[in-house]
Amino acid sequence: MAALISGLSTDAIRANLERVRAEIEAAVERSPVERPGGEAGAVQVLAAIKYVAAAELPTLAAAGVGLVGENRAQDLEEKVRAHGELFEWDFIGQLQSRRVRLIVPHVRLIHSVASESALRELERHRELARPGLRILVEVNVAGEDGKAGVAPEQLDAFIDRSPVPVAGLMTMPPLSADAEASRPWFAALRELARERGLRELSMGTSQDYVVAAEEGATIVRIGTKLYDPGPVADGPSD
Ligand SMILES: *Cc1c(COP(=O)(O)O)cnc(C)c1O
């Protein structure tokens, strides 16, 4: 992985966050989809913090970030120990079954449950979990080979076997440079959630969060876009 980002500026992050929130609000307003999460506008912006050193987290909080998502169990532990009280914490990384017990005491939501072994570990370590822990099931909506995620046909059986309440669904659509390419996959995830009465839809990253918001996301997971330092002060103006 690349070096962690440091030297973040509160003002730049606040400006990026405000822009993202305004774009999401506009997307929700113009988009006619029925949101499983209920009322329009209730889209949470989760800051993906895998790129960010623990020492930078107070800067994120000062800029208005309230919900963060970490990808690695050890980094989650380190960052919660340093700054646990600043945020609500989610886990968004690939869930390795032997690390489940390290994650469950700290998080509100695990976005990325996709294997039988993870379900078994959730059952085994249930008493360690934070009260109110819920999960999202990661769905491989496009049926990509080698990609994490439960196949849509297996979703019902998987949800039935979960020892922890399932709040909704999450997906990572096929990589594409074109945000519009994600739209049919986001719409498919929304439909899977709607059919099952599931409220939460975790979908959209820096690259396609506007499309995700249009298609009914209730949580978008944003990294790079938040940490963009912005235009340099003495650069060309246009
Ligand atoms: C890193 C990450 C993100 C954020 O991606 P960006 O492109 O940096 O916005 C979202 N979801 C998951 C699962 C991630 O690992």
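1. A residue is called buried when its relative accessible area is under 20%, exposed when over 50%, and partly exposed in between (1.4 Å probe, protein chains only). By that definition strand E1 (residues 44-48) is mostly covered, with four of its five residues buried. Strands (E, at least two residues) and helices (H or I, at least four) are DSSP runs, numbered from the N terminus.

2. This is a predicted model, in which local features need pLDDT of at least 70 and side-chain atom pairs count only at pLDDT 80 or more, while totals for chains, interfaces and linings use all residues. Residues are numbered from 1 along each chain as its sequence is written, and side-chain values use heavy atoms, with hydrogens and water left out.

3. E1 pairs with strand E8 (residues 219-222) in the parallel sense over four bridges; strands count as paired if DSSP finds at least two bridges between them. Leu46 has Arg221 in E8 as its bridge partner.

4. E1 is also joined to strand E2 (residues 67-70), in parallel, by two bridges. Here Ala47 stands opposite Val68. With helix H2 (residues 57-62) between them in the naming, E1 and E2 make a right-handed β-α-β unit: with the strands pointing away from the viewer, the path from the first strand over the helix to the second runs clockwise.

5. In helix H5 (residues 116-124) the buried residues are Ala118, Leu119, Glu121 and Leu122. They line one face of the helix, because seen down the axis they fall within an arc of 165 degrees, taken from the directions from the helix axis to the C-beta atoms. Arg120 and Arg124, on the other side of H5, are exposed.

6. The cover over the buried residues of H5 includes helix H4 (100-103), strand E4 (109-113), strand E5 (134-138) and helix H6 (155-161), where contact means heavy atoms within 4.5 Å.
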